[in-house]
Amino acid sequence: MKNVNLEEKLNRLKNKSLKEEDILNAIRDVLKEDNKKDDTILETLSSPNTTSYNNFDFDLLESDKIYHIDQIKKICVTYRLRFLDSRFFKGKLPYEAISKIKQLEKNHNITLSGFKIMAPSKLFKLENYDDPLLFAPIGNGYYYLIHKWGNDLSPYRKILMWPFKNFENFVFCVFILSMFLTGLIPDGTFHGEKTAEHAGVIFLFMFKCMVAITLYYGYLSGKNFSSAIWDSKYYNN
């Protein structure tokens, strides 16, 4: 057995400790830089949007994630959603979305900005007067879908929101509802046996009442049709 050289052992231990410390410092620096990048992205997401395009490398974009503003508007109007700057979003942004932004910035060698989110009104901090999608502008009315999270919309949402899509749909629904209510009124309620003439008068009366009630409710609650509010940042719309 060889004698133990304590000085040599100490030097080896010191050198080993220094290498481990260098590794830890390197990892610490990487994490610090990564956290700094996260903070920068979060700050951009919560800042006023002044950008209408990002200088993407088109060869790296996935074509199935590129959408035109007209397509986005149609979906928003159909399902009564908003398409607003990310700074208005009050929901929790998943870290996966941040990661995808960082990966895009790395792949395209750019800093992304001008983020938009499509989501129901309740997920936005709207100013006075159930599945978000995060977009970044490409330019010329086109947007690139970065990330989708949350649950899918209920299949009944399209049906429930159809009357609020536009004025024409609203009038049609009130018309059908008035006819239904007219049919529920029993004979003899007003003028003995119900005739076509009496039914017509009752229907007009019912239609006017329904229009007045719904418009009054809409006015008091500050509601508007989906075609008018899809990109509005005000809650009384």
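Tutor: The protein exposes about 16100 Å², of which carbon and sulfur atoms supply 58%; such areas come from the Shrake-Rupley method with a 1.4 Å probe, and for residues only the protein chains shown count as cover. This is a predicted model, in which local features need pLDDT of at least 70 and side-chain atom pairs count only at pLDDT 80 or more, while totals for chains, interfaces and linings use all residues. Residues are numbered from 1 along each chain as its sequence is written, and side-chain values use heavy atoms, with hydrogens and water left out.

Student: What percentage of the residues of the protein count as buried?

Tutor: Buried means under 20% relative accessible area, exposed means over 50%, and partly exposed lies in between (1.4 Å probe, protein chains only). Of the 237 residues of the protein, the buried share is 32%.

Student: What is the order of the strands in the open sheet?

Tutor: Helices (H or I, at least four residues) and strands (E, at least two) are DSSP runs numbered from the N terminus, and two strands pair if DSSP finds at least two bridges between them. β1 (66–68) and β2 (82–85) each have a single partner strand and stand at the edges, so one side of each lacks a neighbour in the sheet. With antiparallel pairing, the five strands have the order β1-β5-β4-β3-β2.

Student: At about what angle to β1 does helix α2 run?

Tutor: Axes are lines fitted to C-alpha atoms, for helices over the stretch in contact (heavy atoms within 4.5 Å), and angles run from 0 to 180 degrees between N-to-C directions. Helix α2 (residues 69–79) lies across β1, β2, β3, β4 and β5 (142–148), and its angle to β1 is about 75°.

Student: How many residues apart in sequence are the parts tied together by phenylalanine 175 and phenylalanine 207?

Tutor: Phenylalanine 175 and phenylalanine 207 form an edge-to-face pair, 6.4 Å centre to centre with 70° between the planes. Phenylalanine 175 is partly exposed at a relative accessible area of 33%, and phenylalanine 207 is partly exposed at 22%. Because phenylalanine 175 lies in helix α5 (residues 167–184) and phenylalanine 207 in helix α6 (residues 196–221), the separation of the parts they tie together is 32 residues.

Conventions
Rings of Phe, Tyr and Trp (its six-membered ring) pair if their centres lie within 6.5 Å; planes under 30 degrees apart count as stacked, over 60 as edge-to-face and the rest as tilted.
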